[in-house]
Amino acid sequence: MASTPAGNRKTRVHVVSDVHGNVRDLAAAGQGADALICLGDLVLFLDYADHSRGIFPDLFGRENADRLVELRTARRFEEARELGARLWQGIGADRAAVIEQAVRKQYAEMFAAFPTPTYATYGNVDMPPLWREYAGPGTSVLDGERVEIGGRTFGFVGGGLKTPMRTPYEIDDEEYAAKLEAVGEVDVLCTHIPPEVPELVYDTVARRFERGSRALLEVIRRTRPRYALFGHVHQPLTRRMRIGTTECVNVGHFAGTGRPWALEW
């Protein structure tokens, strides 16, 4: 846990989300900060900007990755699943074992890049059972929990809600709401997904509404944290807006920008 700086020196925290394999920039993300916060999605399964990058093209090639992105962007999710099923049949291997091996390789690199201290929660494409295996003593993994940094209380809720995409860490609305209640009132509420507000959940490049949380929106209105920080939507219609007295901030698509968002007080 970070302690309150001595004297009048301000506390500075850097926040990243949607890292998606960007190890190079992650290694420098905590420079100049008292702590790093990561809001999840470390895994790169498929880079929608560069279809040659990620677990999927490594296994099945660029052409199949192009086709998968085309189907998903058109919201033809059933066809996308059928494509994936056919490709996996061609490999003839244990799908879960192959994916886990690839994810383990990415996690080993990314957790090694985290500075001390790092406070991290899961994204919807992450595999939570593996995190504690790779998190070193300087990394605190938090989900439905809170921690104090520099005299302010930070709450963390990881994962996403269920969608047709069926990503690895999607949970039902009731479980997600229960984690929010477990966190309680905090100064800064840190989640992977945004509150259910159209401007915050619409992705202008994917041209679709991602899933936000209505329960998160209700908690923000009721408990009024200073900040609500999140990621998940890579190219949002609006990156920052107020809900009552709370400043809601999409901290950015770190895989694309390589820059953390800074909070100082």
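Trainee: How does the reach of helix 5 (residues 95-113) compare with what is expected at 1.5 Å a residue?

Mentor: Helix 5 has 19 residues and runs 28 Å from its first C-alpha to its last, close to the expected 27 Å. The expected span is 1.5 Å times one less than the number of residues. Helices (H or I, at least four residues) and strands (E, at least two) are DSSP runs, numbered from the N terminus. Before we go on, keep in mind that this is a predicted model, where local features need pLDDT of at least 70, side-chain atom pairs count only at pLDDT 80 or more, and totals for chains, interfaces and linings use all residues. Residues are numbered from 1 along each chain as its sequence is written, and side-chain values use heavy atoms, with hydrogens and water left out.

Trainee: Which residues of helix 5 are buried, and what puts them on one side or on several sides of helix 5?

Mentor: Buried means under 20% relative accessible area, exposed over 50%, and partly exposed in between (1.4 Å probe, protein chains only). In helix 5, the buried residues are Ile99, Val103, Gln106, Tyr107, Met110, Phe111 and Ala113. They cover an arc of only 125° around the axis, so they sit on the same side of helix 5. That arc is taken from the directions that lead from the helix axis to the C-beta atoms. An α-helix has 3.6 residues a turn, so residues three or four places apart point the same way.

Trainee: What covers the buried residues of helix 5, and what does the face turned away from them carry?

Mentor: The cover includes helix 1 (23-26), helix 2, helix 4, helix 6 and strand 4. The face turned away carries the exposed residues Gln101, Lys105 and Ala112.

Trainee: What makes aspartate 94 a cap for helix 5?

Mentor: A side-chain oxygen of aspartate 94 lies 3.1 Å from the backbone nitrogen of alanine 96, at the N-terminal end of helix 5. A polar contact is a pair of N or O atoms within 3.5 Å; within protein, one must be able to donate a hydrogen and the other to accept it, and residues adjacent in sequence count only if both atoms are side-chain atoms.

Trainee: How do you know whether threonine 139 is buried or exposed?

Mentor: Its relative accessibility is 11%, so threonine 139 counts as buried. Threonine 139 belongs to strand 4 (residues 139-141). Beyond the residues up to four places away in sequence, threonine 139 touches Phe111, Phe114 and Thr118.

Trainee: What makes the buried residues of helix 3 line one face or several?

Mentor: Helix 3 (residues 62-73) has Ala65, Leu68, Val69, Leu71 and Arg72 as its buried residues. Seen down the axis, they fall within an arc of 165°, so they line one face of helix 3. Among the elements covering them are helix 2 (55-60), helix 4 (77-91) and strand 11 (208-209).

Trainee: How much space lies in the second largest pocket, and which helix gives the most to its lining?

Mentor: The second largest pocket holds about 280 Å³. Helix 5 gives the most to its lining, with six residues. The lining has 14 residues, and Gly54, Ile55, Asp58, Ala102 and Gln106 lie nearest the pocket's centre. On a 1 Å grid over the protein atoms alone, a pocket is an open set of points with protein on both sides within 12 Å along at least five of seven lines, a cavity is a set where a 1.4 Å probe fits but cannot get out, and lining residues have an atom within 4 Å of a point. Grid points are joined across faces, edges and corners, and a volume is the space filled by probe spheres set on the points.

Terms used
Contact means heavy atoms within 4.5 Å.
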